[in-house]
Amino acid sequence: FVVSDRKMKTYPAIGFFLLFVISYGSSENSSTPRGCGLDLLPQYVYLCDLDAVWGIVLEAVAGAGVLTTLLLMLILLVRLPFIKDKEKKSPLGMHFLFLFGTLGLFGLTFAFIIQEDEMVCSTRRFLWGVLFALCFSCLLAQGWRLGRLVRHGKSPSGWQLAGVAVGLALVQAIVAAEWLILTIVRDNKLACSYQPMDFAMASIYVMFLMVFTMGFSFFTLCGKFKKWKKNGVCLIITLFFSVLIWVAWMTMYLFGNAELQRRDKWSDPTLAIALVSSGWVFVIFHAIPEVHCTILPSQQENTPNYFDTSQPRMRETAFEEDIQLPRSYMENKAFSMDEHNAALRTAGFRNGSLGSRPSAPFRSNVYQPTEMAVVLNGGTIPTAPPSYTGRHLW
């Protein structure tokens, strides 16, 4: 009986311990967002929280954009040795810079999905304007290239295009670095303590670059080389949608969220949506058409199409202008022409009992040597072959 009493005392202790473990685990699960693991840092909650679906959706769309951009870059690298056309090979460096900037936009989206800290805020403030400036600088260089191609048929060199894109993007890099230094180092403020208006004002150069490129792109439609105008249309569409996206996110970020009293909750999603949408506009309306145009085989514009009746005929010159024919042939040719004209005026000829014959079959029944036959026979007029049917009609 003593042993049984000890067992009865130990069972309630084990049960109490199990209840404590279960209750502790349930409290931990209640504090962990639905869809996330127990060991996930709170900073990355929005990447997997099923209650905040916007983070998961933007993460998936941005990830698809990253894969698409990498695929386009891989296609250009694989097809690079087979691109022989100078006009298509010169902008490849600029295209890689544009794809790199677009890839950066998709990657920066994740910095606006996770929760902010000092490093994340510094990355946001610096890379936002620099990446957009790089993309719009490449679009401006593309507009310059297409304008030259449409009007003159020649493209600037690859070093010039890449140099223009990098040089214009460096201006925004200097502006962003100066903003960070003045606010963090000099004023000794936190990287995350900035106003939305300050964030927008730091992108004024990007706005100017975008608007200027939009106006400059219309000149790509003025020129005589029409095959490059399709690229100009894609450039105009890309910039048009980019302007709309920037107007939308700035209106919502500066005024809309404050009016709806959701500035703290909707600021990061607004900027993340702007990044993803801009990246996909760049990919769909500019990157994919340019890559497709680059890898296509070149078409020779000067190759005449002999089945096209709209093209002008070649200049018909007399054969004797280029080749000096013998005098005997020239006299015989003049005689045959006079005889033929006389036959046409008399509307035929008479030959004994055969009566009148029409003049139409006259030239078909008389053997007339061609110029090439005269040249091949050394200048002498060849006689008609015995098998020629016209001899039996005389």
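## Overall organisation

Among contacts in the chain between residues at least 6 apart in sequence, 70% join residues at least 24 apart, a contact being heavy atoms within 4.5 Å. This is a predicted model, in which local features need pLDDT of at least 70 and side-chain atom pairs count only at pLDDT 80 or more, whereas totals for chains, interfaces and linings use all residues. Residues are numbered from 1 along each chain as its sequence is written, and side-chain values use heavy atoms, with hydrogens and water left out.

The chain contains 14 helices and two strands. These elements are DSSP runs numbered from the N terminus, with helices (H or I) of at least four residues and strands (E) of at least two. Of the 394 residues in the chain, 35% are buried. Buried denotes under 20% relative accessible area, exposed over 50%, and partly exposed in between, with a 1.4 Å probe and protein chains only.

## The largest nonpolar core

The largest nonpolar core has 65 residues. Such a core is a set of buried Ala, Val, Leu, Ile, Met, Phe, Trp, Tyr and Cys residues joined through side-chain atoms within 4.5 Å. The members that touch the most other members are Trp128, Phe132, Phe136, Phe199, Trp246, Trp249 and Phe282. Two or more residues each are given to this core by helix H2 (53–79), helix H4 (92–113), helix H5 (118–152), H6, H7, H8, H9 and H10. H5 provides the largest share, with 15 residues.

Not counting residues up to four places away in sequence, Trp246 touches Trp128, Phe132 and Phe136, together with Ser203, Val206, Met207, Met210 and Ser278.

## Helix H6 and its partners

H6 is made up of 29 residues, and the distance from its first C-alpha to its last is 41 Å, close to the 42 Å expected at 1.5 Å a residue. The expected span is 1.5 Å times one less than the number of residues. Leu161, Ala162, Ala165, Ala169, Gln172, Ala173, Ala176, Trp179, Leu180 and Thr183 are the buried residues of H6. These buried residues pack against H4, H5, H7 and H8.

Two packed helices are described by the angle between their axes and the distance between the axes. Here axes are lines fitted to C-alpha atoms, for helices over the stretch in contact, and angles run from 0 to 180 degrees between N-to-C directions. The axes of H5 and H6 cross at roughly 160° and come within 8 Å; the two helices are therefore roughly antiparallel to each other. In this classification, angles under 35 degrees count as roughly parallel, over 145 as roughly antiparallel, 65 to 115 as roughly perpendicular and the rest as oblique. The crossing of H5 past H6 is right-handed. Handedness is left if the near helix is turned anticlockwise from the far one by less than a right angle, and right if clockwise. For H6 and H8, the axes come within 9 Å and cross at roughly 155°, which makes H6 roughly antiparallel to H8. Leu168, Val171 and Gln172 of H6 make this contact with Tyr205, Val206 and Leu209 of H8.

## Packing of H4 and H10

The axes of H4 and H10 lie 9 Å apart, and the helices pack at an angle of about 155°.

## Loops between helices

Most residues other than glycine have a negative phi. Asn188 has a positive phi near 55° and is placed in the loop between helix H6 (158–186) and helix H7 (196–201). Its relative accessible area of 67% makes Asn188 exposed. Gln261 likewise has a positive phi, near 60°, and is found in the loop between helix H9 (229–259) and helix H10 (263–295). With 73% relative accessibility, Gln261 counts as exposed.

Ser217 is located in the loop between helix H8 (204–216) and H9. Because its relative accessibility is 0%, Ser217 counts as buried. Leaving aside neighbours within four places in sequence, Ser217 is in contact with Leu235, Ile236 and Leu239. Gln115, in the loop between H4 and H5, is partly exposed at 34% relative accessibility. With the neighbours within four places again left aside, Gln115 is in contact with Pro42, Gln43, Tyr46 and Val120. Gln115 and Pro42 are 73 residues apart in sequence, and their C-alpha atoms are 8.0 Å apart in space.
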